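Let's walk through this one together, strand by strand and then into the gaps. Have the model open as you read.

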Amino acid sequence: MKTLIVYAHPEPKSLNSSLKDLAVSTLENAGHEVRVSDLYAMNWKAVVDAADYGPDASSPLKVALDSGRAFDAGTLTPDVLAEQEKLLWADTIVFQFPLWWYTMPAILKGWVDRVFTYHFAYGVGEHSDTRYGERFGEGTLAGRKALLSVTAGGPESHYAARGINGPIDDLLFPIHHGILYYPGIEVLPPFVLYGTDRMTSVEYPDVAKAWEQRLLTLESTEPIAFRRQNFGDYEIPSLHLKEGLEPAGRTGFGLHVRG
């Protein structure tokens, strides 16, 4: 297995850094190949601008179209091309980050904004009476798996079904479904650590053991059963879920998960 770890935390002595290092050693000791994109150490440029697209940038800037034209022409900046190559190399992508303001750190969102260009991560496939492009289960990154390893400062009860922060599955849905599943990546259930602001060194061995177990079962873990776009569950072109496919009483994000 070839694994890319995309890591986003500014402190080398942080819990997130320890989890990243443990992932590298665990996977390598199990015989897997590992690459790491340490975004802060790379001084990753988080903002999209015309410089990303060189001679293929238009005026006014049209991010989607310009990024696709630059991708097709091979004129994207070297840092973006390098990350795209890593994604194509990988079988599995692990994202290691803290949950800040209910989402990923800005530097990681900037990585997505710049690396997931038009024609690379989206804007592919046919549009017809039966298909709406290759998205949500299909696409250029199909055949890969991804896992979010997330640390949250608050206790688990705050992220439960009736918790004040909202269910963790809902908070992560835009990343799971909208960023990863959209270009075809199968999404594994997340590894979430709660109450990390109060975690002590005494607790870390149990955390490390649980993380190692998840890493060593990446290949056998079933992905979240998101519905595929072009396989009969949705009306096209409205992309509304067909009536009667949802379990009784299910609403919201859960509609897009089978079973």
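A word on annotations before anything else: UniProt positions are given in the numbering used here, feature names are shortened, and annotations may be inferred rather than shown by experiment. With that in mind, the unreviewed UniProt entry carries the annotation "domain: Flavodoxin-like fold" for residues 1-214. Over residues 1-214 the chain is 34% helix and 14% strand, and the end C-alpha atoms sit 15 Å apart. Helices (H or I, at least four residues) and strands (E, at least two) are DSSP runs, numbered from the N terminus.

Some housekeeping: this is a predicted model, so to speak of local features takes a pLDDT of at least 70, side-chain atom pairs count only at pLDDT 80 or more, and totals for chains, interfaces and linings use all residues. Residues are numbered from 1 along each chain as its sequence is written, and side-chain values use heavy atoms, with hydrogens and water left out.

Start with the strands. Two of them pair if DSSP finds at least two bridges between them. Strand E1 (residues 2-7) runs parallel to strand E2 (residues 33-38), joined to it by six bridges; Leu4, for instance, stands opposite Arg35 in E2. Together with helix H1 (residues 15-29), E1 and E2 make a right-handed β-α-β unit. Right-handed here means that, with the strands pointing away from the viewer, the path from the first strand over the helix to the second runs clockwise.

E1 also pairs with E3, again in parallel, through five bridges, and Ile5 has Val94 as its bridge partner in E3. From E3 to E4 there are seven bridges, and these two strands are parallel as well. Phe95 is partnered with Leu148 in E4. The chain crosses from E3 through H4 to E4, and this β-α-β crossover is right-handed.

How is E3 placed relative to the rest? Seven of the seven residues of E3 are buried, so the strand is largely enclosed by the rest of the structure. Buried means under 20% relative accessible area, exposed over 50%, and partly exposed in between (1.4 Å probe, protein chains only). In a regular strand the side chains alternate between the two faces of the sheet. In E3, both faces are covered: Thr92, Val94, Gln96 and Pro98 are buried on one side, and Ile93, Phe95 and Phe97 on the other.

On a 1 Å grid over the protein atoms alone, a cavity is a set of points where a 1.4 Å probe fits but cannot get out, while a pocket is an open set with protein on both sides within 12 Å along at least five of seven lines; lining residues have an atom within 4 Å of a point. Grid points are joined across faces, edges and corners, and a volume is the space filled by probe spheres set on the points.

A search of the whole structure turns up one cavity of 30 Å³ or more. The largest cavity has a volume of about 40 Å³, and its lining consists of Phe95, Phe97, Met104, Leu108, Val112, Leu148, Ile175, Ile179 and Leu180. Strand E3 (92-98), helix H4 (106-115) and helix H5 (168-181) are the elements that give two or more residues to this lining, with the largest share, three residues, coming from H5. By class, that makes nine nonpolar, no polar and no charged residues. For these classes, Ala, Val, Leu, Ile, Met, Phe, Trp, Tyr, Cys and Pro count as nonpolar, Asp, Glu, Lys and Arg as charged, and the others, Gly among them, as polar.

The largest pocket has a volume of about 360 Å³. Of its 20 lining residues, the closest to the centre are Thr151, Ala152, Gly153, Thr196 and Asp197. Its lining has nine nonpolar, 10 polar and one charged residues. Thr151 belongs to strand E4 (residues 145-151) and counts as buried, at 5% relative accessibility.

Ser59 and Pro60 are joined by a cis peptide bond, with omega about 5°, and Pro60 lies in the loop between E2 and helix H2 (63-73). That loop between E2 and H2 also holds Asn43, which has a positive phi of about 55° although it is not a glycine.
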